[in-house]
Amino acid sequence: MPDYTLKVRRYQPESGEGAYWQEFKVDLDPDLSVLDGLLQVRDREDGSLVVRCSCRAAICGSCGMKINGRSTLGCKTQIAEAHEQANRRNGGTEPIVVEPMANMPVIKDLVTDMESTHWTKIRRVTPWLLPEGDPPEREYVVPPESMIDITQSMACIQCGACVSSCLSLEVDPEFIGPAALAKAYRFVGDPRDAEARGRLYDLAQDPHGIYDCTHCFSCVDACPKDVAPMDQIMRLRRIAGDDHDIDDVNNGRRHESAFTKIIEKKGTLDESLLLQESYAQGVKGKLIPTPGAIKGLVGSLPTAVRGLRTGKMRSLAKLIPGVHEKLPGDAQEHVQRIYTHAEEHREELNLYISGEEELEPEPDEAETPTPEAAIEPEPDEEGGR
Amino acid sequence: MSDLKLAYWPGCVSRGFTPELHGSMAQVAERLGIELVTLDRANCCGAGVIAEHNTELADTLNARTFALAQSTGLAMMNICSTCQGAQSECQQRLDADSAYRAHINEALAEEGLEYAKDKPGFENKNFLWVLVEDYGLDQLKAKVTRPVAGLRVGPFYGCYIIRPRHRIGYEDHPERDLYLERVIETLGGEVVEYDGARKCCGFPVITMNRETSLRQAGTHIGDALDAGADCLVTPCPLCHLNLDMQQPEAEKITGRELGLAVLHLPQLVGLALGFEPADLGMGKHIASTEWVEARLAGGVPV
Amino acid sequence: MPRHDVLVIGAGLAGQRAALAAAEEGVSVGIVSKVHPVRSHSNAAQGGINAALQEGDSWESHAFDTVKGSDYLGDQDAIEIMCREAPEEILHLEHLGVTFHRNDEGRLGTRAFGGASQARTYYVADITGQAIMHVLYEQLMKHSELISRYEEYFTTGLVLDDDGNCAGAVMRNVSDGTMELFEAENVILATGGNGQVWQPTTNALICTGDGIAMAYRVGAPLMDMEMIQYHPTTLAKKGFLITEGARGEGALLLNAKGERFMETYAPNKMELASRDVVSRAEQTEINEGRGFPDGTVALDITVVPRKRIHEALREIVLVGRDFAGVDITREPIRIKPGNHYAMGGVKTDVNGATSIPGLYAAGEAACVSVHGGNRLGANSLLDTLIFGRRAGQHSATRAKQIEAGRPSSAALADEERRIAELIGRDRGKGRRASEVRKELGEAMDQHVAVFRDAEGIKTALETVKRLQEESRSAYIDDLGAVFNQDVLGAIELGFMLDCAECSCVAALHRTESRGAQYRTDFPERNDEEWLKHIDLTRDSDGPEISYSPVTITQWQPMERTY
């Protein structure tokens, strides 16, 4: 069996020492996991190496860790793959680097304190269904797609990999974070929940809520269950801003609608107009800018002035909102027609529900039995065993 | 001489707040022998923001850009990680479902446009990908007249060009998240390893959570300085805005003096091809590029 | 010292349901789990949960399928209760927020499952257990003022009062190693199964039979311990589960020659015969040389429409991709029977009560017995919920009626001493605890599996006894207090060895073939002698055997075909 080297970030709180690195050799079939490697170390060499683990099959969510800098599950990462990854830049002798998850305090070795970071945030989003009135006699009747849709968030196993990977949390520990916000979508998207608006208002107004996500996709890559937390956050924004018309104090909604309107008018982005419109739609329109918006606009001025000084913004004109040119010829009109068409339909193609066609050609036999048809009538109680 | 001819989508920001990017790209392409056919009728990619509002709208806008590119019969190149990401996301949806695609194409019909899935020869690639995969690092190396020897460069990718993994094309090009390092080395520079290379610049939340945004930018710049970088290089003009234009603001938030030059990818290539910093608009940057220029002139001890 | 009217040990589906039910009765409830509740193994239940809820179905039909599936060893009074109460439980879960699959009308939709005469399995893609458990945990968070959660607290033993009533348990706080006596008027064991006794197994590393062994140690009888289910579709190397839902959706079983071999063994139900039947068929094919060289047969899911796989078998796509390197939508996947479920456990009545006053058990740790010789797919989630709820309700009612005795604090000192002794063992002398565990798993999988005979079972039993001896001097490495998993592993090993011994003794004693117990030396079912449960009670030198009758209400034993 091949040998692999695991370089593990260890911390033994009772030793009085700080964290340190320790290398272990393991011999393991290449298709076994990094977790299997750690368990081999624990069983054969050092029982004091601790790592939360249970199912070994990416369903219990215990073994979140960082492998070669990436937040993931130890059980889901093949050791050969991890070895290859560790050696992409520097040839064949680099060890596989294993660390506890980031953005959380470490308790011991690979065990982190998820209660104070992850679970507190989960509880922050009122993580239970809030239906209106008494339940019906039978089940709630809801669109079948809606249940598939929120099952994507329901597939979250609370492993914390997304929390560990989150680049907003890294600089703002108060950010509610990808896991909790995906959990929030699970209720907002649930037709049985009666408090969607209240939930959205809360998460839009919180400076550490949906508009504190930097759209970096780290959580999408980290998630072992394809929950795509960031996608759910973007949908929360869409529903908050566009379906519920929530005008948040963080300028999230204003930024989005200003951007969208500018492209309708100009085809490409007029940054000056965007700054003005995001912060203070009231300057030109009928809305009265919020104090926060004015503060934001004023805050952006030094940057703009500096740009002017270096010639970055080629002329003073560039700084005047609205001077930016439209697309040439009739192109702008065509863009505007696209707006009319798309705003009328607002179709949201959800690949989690529909799947991808080219990956899904139906098998040749059209006569595949439906689940119901696969059931045979109960045979008579006779015949051999 | 290269026979590369590409439909070119410069994006909005390269013609707005970072005009030096558009200018340097044009010069560099010419010297490399890459012919660019600018899509001057094309529209903004939406930067993920329009998709936040209405995914169908974002998909249709980008389908229009793709259709314009397809009508030239050429492959398409962009010079912005954010364009790459936002456009790839829309393309994935457009390609996933024929009925949806037909619906979107309805909106393009009046302009005589149609987006076709899997059209032979059509691809949408960032300049970085074109450089490594289509132009080739050997050919690039041959064009280098003034290697950026001794220049310690920190790569800064921008999220959208490396994530999410399932949309970046790693199956066919597994090393796309290492290309910047490759290019830096090919140009004669030295790669600086630091924490922030593949992290977020913070730009997407600059108007919504200034503190989070600038703390990200400031932290990465600080890490790169600590690692001994002379400059950063990025294929994304939005990253450039937050890392360069906002650098003085990031200094205030992080309480640390920074002062690190941030180059656009075509600028770094241009320097190695022999262009002068002024030709490449480096004087327009907020964070001074003097240190880089001095290093290249041999004026700073390595 | 924490004190509760009802203390639930284990926080999978049975435990969480019990805690919620008890709290509804207005008593003080604590729930303890050695892992965070959402890590519990109910997560792994993929396929669904049975209930006769739709028109044209009846609880009697569900009950008959269950009785037949159990090979007539299930107690029919308990089965009737479970099947009657199932529809209401499903609706309750739906109202709490479980995202059950809907049909085109937006109503609850079903899928087919093994051994069932109707498609009556309700499901959430193939993450049904996870989806239900996370929703129950939402409710635990919602009702945190009524239910105290002790997350990552390991129970080392139960404590009785002077009158022999269960009065609490000793806990070790995993995160700092402190030991505490938890007082309780009632204790509900919901600690799950003991699959880790076998290697490989579909069960998680935490499934070490803690509750079964702890009950046994304080004198509660265990029942049906010989009935160990081998699931027909597990991955060869790692033992991971491929849901029966795959066959429910139409997937086929093929031998190495490409033959659909179930035609021979179960011509009517084919792949959807009950699990014991399918596992034996596979093992026969493999043993007779018609399997693949790696000791497997193939499960062909490619016949299921891709759209349907995407919607209903997502998890299996991931399992295939991540753990077998197989795209199940494009090629068959190699599988074999693997250890999966303990039908037996702590003997209880239909309210979860054991023979010890104040001690209850529910879920896989318990044996009511609704599964008898073989559990039907999608009946285990149902079992956990129905009997978890009943145990919660009954114990809460009891709490209101009785005045509990006080457990002796000597129990705490005893447990502390026991653990100190374990940690203080001479590392040079004995074997590593992990080695002992490994040998146990291999011996059990070799001899107490799909096919058994007296010779093999005796070999396993002798091995278990030797390992019990060796475990008394087995050593560990971690001598610390904080998150010492090593010492917990050694305690679990003791629990596993108790369970193993009981399974061997019962399997050896039952000289017939019924359900999951197939004795090659006694290949026939023998109703005359063996239509009864084997009960095991701890004696000074091992389990003492007694019997209890099988409760029959309306279904007389018949020959069983599929």
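Modeller: A polar contact is taken here as a pair of N or O atoms within 3.5 Å; within protein, one of them must be able to donate a hydrogen and the other to accept it, and residues adjacent in sequence count only if both atoms are side-chain atoms. The structure under discussion is a predicted model.

Biologist: How many salt bridges are counted between chain C and chain A?

Modeller: The contact takes 94 residues from chain C and 94 residues from chain A, and the area buried between the two chains is about 7700 Å², with carbon and sulfur atoms giving 51% of it. One of the pairs is A:Arg192 with C:Glu94, whose side chains meet in a salt bridge at 2.9 Å, N to O. Between chain C and chain A, the count of salt bridges is twelve.

Biologist: By class, how many residues on the side of chain C that touches chain A are nonpolar, polar and charged?

Modeller: By class, the side has 32 nonpolar, 26 polar and 36 charged residues.

Biologist: Which pair of chains has the most contacts?

Modeller: Chain B and chain C are joined by no contact, their closest C-alpha atoms lying 13 Å apart, while contact means heavy atoms within 4.5 Å. Two pairs of chains touch, and the most contacts are between chains A and C.

Biologist: How many residue pairs between chain A and chain B are in polar contact?

Modeller: This contact takes 71 residues from chain A and 85 residues from chain B, and the area buried is about 6900 Å², of which carbon and sulfur atoms give 57%. Between the two chains the count of salt bridges is five, and B:Arg41 forms a salt bridge with A:Asp330, with the closest N and O atoms 2.9 Å apart. With both residues at pLDDT 80 or more, the number of residue pairs in polar contact is 26.

Biologist: Which helix gives the largest share of the side of chain A that touches chain B?

Modeller: The elements that give two or more residues to this side include helix 10 (229-243), helix 11 (252-266), helix 13 (291-310) and helix 15 (331-345) of chain A. The largest share, ten residues, comes from helix 15 of chain A.

Biologist: Is A:Ser153 buried or exposed?

Modeller: A:Ser153 lies in helix 4 (residues 144-154) of chain A, and, leaving aside neighbours within four places in sequence, A:Ser153 is in contact with A:Ala182, A:Tyr185, A:Arg186, A:Val227 and A:Gln232. The relative accessible area of A:Ser153 is 5%, and because the cut-off for burial is under 20%, A:Ser153 counts as buried.

Biologist: What is the relative accessible area of C:Phe182?

Modeller: C:Phe182 is placed in strand 9 (residues 179-189) of chain C. Not counting residues up to four places away in sequence, C:Phe182 touches residues including C:Pro2, C:Leu7, C:Val32, C:Tyr150 and C:Ala167; C:Ala167 is 15 residues apart from C:Phe182 in sequence and 8.5 Å apart in space, C-alpha to C-alpha. C:Phe182 is buried, with a relative accessible area of 0%.

Biologist: Why is helix 8 of chain C largely enclosed by the rest of the structure, and how many of its 13 residues are buried?

Modeller: The elements that cover the buried residues of helix 8 include strand 11 (228-235), helix 6 (245-248), strand 13 (297-300) and strand 14 (333-342) of chain C. Among the buried residues are C:Arg275, C:Asp276, C:Arg280 and C:Glu285. Helix 8 of chain C is largely enclosed because, of its 13 residues, the number buried is twelve.

Biologist: How far apart are the end C-alpha atoms of helix 8 of chain C?

Modeller: At 1.5 Å a residue, the 13 residues of helix 8 (residues 275-287) should span 18 Å.

Notes. Residues are numbered from 1 along each chain as its sequence is written. Chains are lettered from A and ligands numbered from 1 in the order in which they are written. This is a predicted model: local features need pLDDT of at least 70, side-chain atom pairs count only at pLDDT 80 or more; totals for chains, interfaces and linings use all residues. Side-chain values use heavy atoms; hydrogens and water are left out. Helices (H or I, at least four residues) and strands (E, at least two) are DSSP runs, numbered from the N terminus. The expected span of a helix is 1.5 Å times one less than its number of residues. Buried means under 20% relative accessible area, exposed over 50%, partly exposed in between (1.4 Å probe, protein chains only). Buried area is the accessible area (1.4 Å probe) that two parts lose on being put together, summed over both. A salt bridge is a side-chain nitrogen of Lys or Arg within 4 Å of a carboxyl oxygen of Asp or Glu. Ala, Val, Leu, Ile, Met, Phe, Trp, Tyr, Cys and Pro count as nonpolar, Asp, Glu, Lys and Arg as charged, and the others, Gly among them, as polar.
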